[in-house]
Number of protein chains: 2
Amino acid sequence: MSQKRDNKNKMIGKQSIEFGDPIYIQCSASIVGKKEGQGPLGELFDKISMDDMFGGNSWEEAESALQKETVQLCLQKANVQIEDIRYMFAGDLLGQSIASSFGLAEYNTPLFGLYGACSTSALSITLGAITIAAGAADKVMCVTSSHFASAEKEFRFPLEYGNQRPLSASWTVIGSGAFLLSDTKSGRDRGVITAVTPGKIVDFGLKDSMNMGMCMVPAAADVIWNHLQDFDRAPEYYDRIVTGDLGHVGKQGVIDLLSQKGIDISKQHMDCGIEIFDQATQDTHAGGSGCGCAASVLSAYLLKQLETHKWKRILFVPTGALLSKVSFNEGKPVPGIAHAVVIEAVR
Amino acid sequence: MSQKRDNKNKMIGKQSIEFGDPIYIQCSASIVGKKEGQGPLGELFDKISMDDMFGGNSWEEAESALQKETVQLCLQKANVQIEDIRYMFAGDLLGQSIASSFGLAEYNTPLFGLYGACSTSALSITLGAITIAAGAADKVMCVTSSHFASAEKEFRFPLEYGNQRPLSASWTVIGSGAFLLSDTKSGRDRGVITAVTPGKIVDFGLKDSMNMGMCMVPAAADVIWNHLQDFDRAPEYYDRIVTGDLGHVGKQGVIDLLSQKGIDISKQHMDCGIEIFDQATQDTHAGGSGCGCAASVLSAYLLKQLETHKWKRILFVPTGALLSKVSFNEGKPVPGIAHAVVIEAVR
């Protein structure tokens, strides 16, 4: 096979990449749980499962089944065979990323395993896009997932314990989003990726795993600031600057932190964790979170706005809180990380 | 910054990538623990720590300190400033990759977090190389680590429990290897990366976490076979085909499995887990394992053979066993994954 791309990819500023040719989001799919289906975006998801076990025998099996099914649905919607997917880029929140390992094994596709906490959807899309930009793949699948029950067990308490959660706590989304990236225009593409700004770990020393929104704020502010600096852009360049899951508590934090640096994103800012649930009626505290939150909202809602040309371009900034139950129990802080992806409407 | 590379990267066969321009391993560093230092490769490592805590207060802090120090040493050896490293690609074996998160935060460098169990060294080098090949970075740092005590705690039993281990069990290496990849020839490069074959998850249904060598054999055989098919090469093309940590039990397995497919790698095969310890005197059972095993052996021993032109080229195939203590306790099998990297002597 010969290389088609002319590869005028560019390193921009300190930490950004501009792709010479656009990377096409040929198709995407989202599947969520019952509660997410009852939220404000409910009717936009491709599928709402009434069974939070997804036919599995454990919460981990449930999440694997969810991830597997979302990939399958994306392939079906795109009318693409799994054999045409050169590589997969996948991850989840569980220890040793077992939701992906056990969910994707049967696809028999070379796999890049990733971990960036709730920022992993951006991580997978970024690395998938870079691989296509290198001419090293023609089609890749980027998929992430999260599950409320497997995440509570992994990071906090078993559900059976019935612990109370403070209002600053976020609610892990049962959801998965899969994205088929391609080097070729299909005519039905949902959007194009034109640039990325991979982010740094930023640690302000916050230790409250029940307020992960604030833990992730410094990293989100850092990558948004660096992105705007690298490209010499103002927030107005984007229709929306969409963080992953800062929630109601973190939203004001990222706006404040950037305003201290002279940047006002208050008009453009949107947060997937805020959009996915109705705080007033769903008792979801600070809002949704998890690898599946930003991924499912991107597929169901954000790409829809680009597809219908309601928006021209967005900066998609999933945010991750870097902790494990071991690090938390050892009294370590919860550093954040966030990666930014520029997604534009197809012209 | 303008793009220097002419990007004639090629997709080869079903799952391989050939880089248009070589990716230079400009420098590397390895740091290991006391036991590894007493092994057959002892004098080749850059540093042997007499303190397995690496100045930390927990095994996790120890591993973070080890990873951080190995990156620092690599930068020093290369005489490169951290500001010149565009991105880091890192991972470890712990839940939510906390050794990397807490070890690398202070470097303030955009980070791609990866998880591929003990194959993560190949995962990091592969994605680092692809990113350079895309013209998306000029210099990247790829680093992985493992620690006997943090791994035993994460996957098996706390050391204090003093459980007995069967002879098929592998011994997690206390070690870290860091690799500085560059798009530019420095004149002192240790080797060049010319191609990669990212691998698939292969699950033969084996469930014994005390025999991870055999669990990883199918994935190792699969990626080696696909690599040779994709490039239409015979094993003799390589001076060595080096698996990560199949150990004494897995070595025969991978040779047998490939011989059933008509490929004899018995003359070229070498395993990092076998090389790093002396089975007869060190009581390390099946051999070394862990993210730091293949990484430290690549830096200390394999690259040395290429540097001195004793070997022309190797196929470096770190192998990973995909399990968590949750999946193991839920009775799930231990699927394997392996990624192959072609590393050649600089001409």
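Predicted model: local features only at pLDDT ≥ 70, side-chain atom pairs only at ≥ 80, totals over all residues.
A pocket here is an open set of points on a 1 Å grid over the protein atoms alone, where a 1.4 Å probe fits, with protein on both sides within 12 Å along at least five of seven lines. Its volume is the space filled by probe spheres set on the points, which are joined across faces, edges and corners.

I noted 15 lining residues (an atom within 4 Å of a point) for the largest pocket, with A:Lys14, B:Ile82, B:Glu83, B:Asp84 and B:Ile85 nearest its centre. I recorded seven charged (Asp, Glu, Lys, Arg), five nonpolar (Ala, Val, Leu, Ile, Met, Phe, Trp, Tyr, Cys, Pro) and three polar residues (the others, Gly among them) in that lining.

The second largest pocket holds about 320 Å³. I found 16 residues lining the second largest pocket, and nearest its centre are A:Glu83, A:Ile85, A:Asn108, A:Pro110 and B:Lys14.

**Conventions.** I number residues from 1 along each chain as its sequence is written, and chains are lettered from A and ligands numbered from 1 in the order in which they are written. Local features need pLDDT of at least 70, side-chain atom pairs count only at pLDDT 80 or more, totals for chains, interfaces and linings use all residues, and side-chain values use heavy atoms, with hydrogens and water left out.

**Symmetry.** I superposed chain B on chain A by a rotation of 180° with 0.0 Å of shift along its axis, at RMSD 0.0 Å (least squares on C-alpha atoms of residues with pLDDT of at least 70 in both). This is the relation of a two-fold axis. I also noted that 100% of the contact residues of chain B recur in chain A, so the same surface serves both copies (contact: heavy atoms within 4.5 Å).

**Interface.** I recorded 64 residues from chain A and 64 residues from chain B in the contact. Between them the chains bury about 5,400 Å², 63% of it on carbon and sulfur atoms; this is accessible area (1.4 Å probe) lost on being put together, summed over both.

How values were computed: Buried area = accessible area lost by both parts, 1.4 Å probe.
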